[in-house]
Amino acid sequence: MLSPAEWTALVASLVVGARAVVIGLPLAVATAWLLARAQFRGRALLDALVHAPLVLPPVVVGYVLLLTFGVQGPVGRWLDSVFGARLVFTSAGASLAAGVMAFPIMVRAVRLSIEAIDPGLELAARSLGAGRLDRFFSITLPLAMPGVIAAAIVGFAACLGEFGAVITFAANVPGETQTLPLAIYSALQTPGGEAAALRLALLSLSIALAALLLADWLGRRARRWTARP
Amino acid sequence: MRGPLRPLVALMLLGLAWPMTRAAATASGPLVYAAASLTDVLQQVGADYQRETGKAVKFSFGSTATLARQIESGARAELFVAADQEWMNHLAGRALVRRASRRDLVGNRLVLVAPVASTLQLEVAAGMPLRAALGQSGRLSLADPASVPAGKYAKAALTALGAWREVESRIVASDNVRMALLFVARGEAPLGIVYLTDAQAEPRVRVVAEFPPGSHPPIVYPAALTTNAGAEAAAFLEYLSGTAARRRFDAAGFVPAPMPQP
């Protein structure tokens, strides 16, 4: 049904998305907690920075990543000289680009569910002597679980769909950074490539729909679970 | 309808009407679709044309493939300048361009470029040590060899010179030739293959060597009027083929279109 090159693009997409979510989700949860519960200077600035990828053109995000994490950029040069690690043109780099684009979506989902938690519950735990970390892991995080699950799945789906930032930062390397949208784009750029493009488009549509349905189902399960006495 | 909703609905209705007013306001001058690698030079030629004749033309630059697809879906372009014959043939086969108006406008050359700070020397010839020139993990920056004209020429040239197989795994494909150029200009890739005209437009790259013309199919920019072209588009196509435009093309590094192959 799919050609080997199309399988490669599918697998590359799944790897890029999974890596971005595994690394990005804990950061997103921490950021969401900071924005929902903590009071500190520069909170509005952090909020704006987190949301920047949502309102910037993806090409700009990709270009900023290229300037920062490219081999000639400040962070990229350091990574290259200390660890010998290169992000640009690699699968890890594609994860970085997709993850940055999906980050605000993940933070929003977690933040909304943290804000929906009755602060009285956290206060009660505090009055019983629970420390900050204890309160977070035994009260806040479990209650916010529906949001965290939604963040993981919607974030993953968003990573699968990211195009502009990935192609600008990581280019179009088959087997590494050529994810489904990039493969669809390449197919459309080829005379007579519509059939392949349509196949890949249907494939990414089914993955996205499956992910959203899964998020919905898991979210309802998690809500029922946390609602238990 | 309740009070507070009324202005909102009015605004939405206004929004619906907006595209119509815009279309009406920009209906002057023929629309020219042209390959991205012609961006700078065609804007100059367009400005000359307006100065000399008082008539305006509008340009939309993009990858040849994207533009061809748009024409196929009914875009209102009146003149199309492509970066290779394949897409023009594609449109001609669907009777979307006027055969009689089709002509090869200019040609270009393919070069190997390196960041300006690089001291690399390499002679482009059969058996050249291209992979060694890339170093341990360096990448070769190209336009997508599967689809973008510049990448297709580069692949043909590397294949003819016997270097394709050894560098295939090192290729970084971009969606257009200017992006491939940017990766070299920023030093992310030690080598890249672009058109001579792109290399001349970017001060941060150095031409290492030119590919021998025999190593790839001739690089040609075919131009043709689309089926909905008017007299003004035809006049601009004549101007593009004339001597004033020729001087602009020469200055930008384009070469005369090669003779059509039998």
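This is a chat about the predicted model shown above.

Me: Before we start, what kind of model is this?
Reply: This is a predicted model in which local features need pLDDT of at least 70 and side-chain atom pairs count only at pLDDT 80 or more, while totals for chains, interfaces and linings use all residues. Residues are numbered from 1 along each chain as written, chains are lettered from A and ligands numbered from 1 in the order written, and side-chain values use heavy atoms, without hydrogens and water.

Me: What is the mean pLDDT of chain A?
Reply: The mean is 88, with 98% of the residues of chain A at 70 or more; pLDDT is the predictor's confidence in each residue, from 0 to 100.

Me: New topic: at what angle do H3(A) and H5(A) pack?
Reply: Helix H3 (residues 58-69) and helix H5 (residues 91-115), both of chain A, pack at about 130°, with their axes 10 Å apart. Helices here are DSSP runs of H or I with at least four residues, numbered from the N terminus, and axes are lines fitted to C-alpha atoms over the stretch in contact, with angles from 0 to 180 degrees between N-to-C directions.

Me: Which residues make that contact?
Reply: H3(A) brings Pro58(A), Val61(A), Leu65(A) and Phe69(A), and H5(A) brings Leu96(A), Ala97(A), Val100(A) and Met101(A), where contact means heavy atoms within 4.5 Å.

Me: And how many residues do chains A and B put into their contact?
Reply: Chain B gives 24 residues and chain A gives 24 residues.

Me: What area is buried there?
Reply: About 2000 Å² is buried between chain B and chain A, and carbon and sulfur atoms give 54% of that; buried area is the accessible area (1.4 Å probe) that two parts lose on being put together, summed over both. Arg69(B), Arg186(B) and Glu188(B) supply 29% of the area that chain B buries against chain A, more than any other three residues.

Key
Helices (H or I, at least four residues) and strands (E, at least two) are DSSP runs, numbered from the N terminus.
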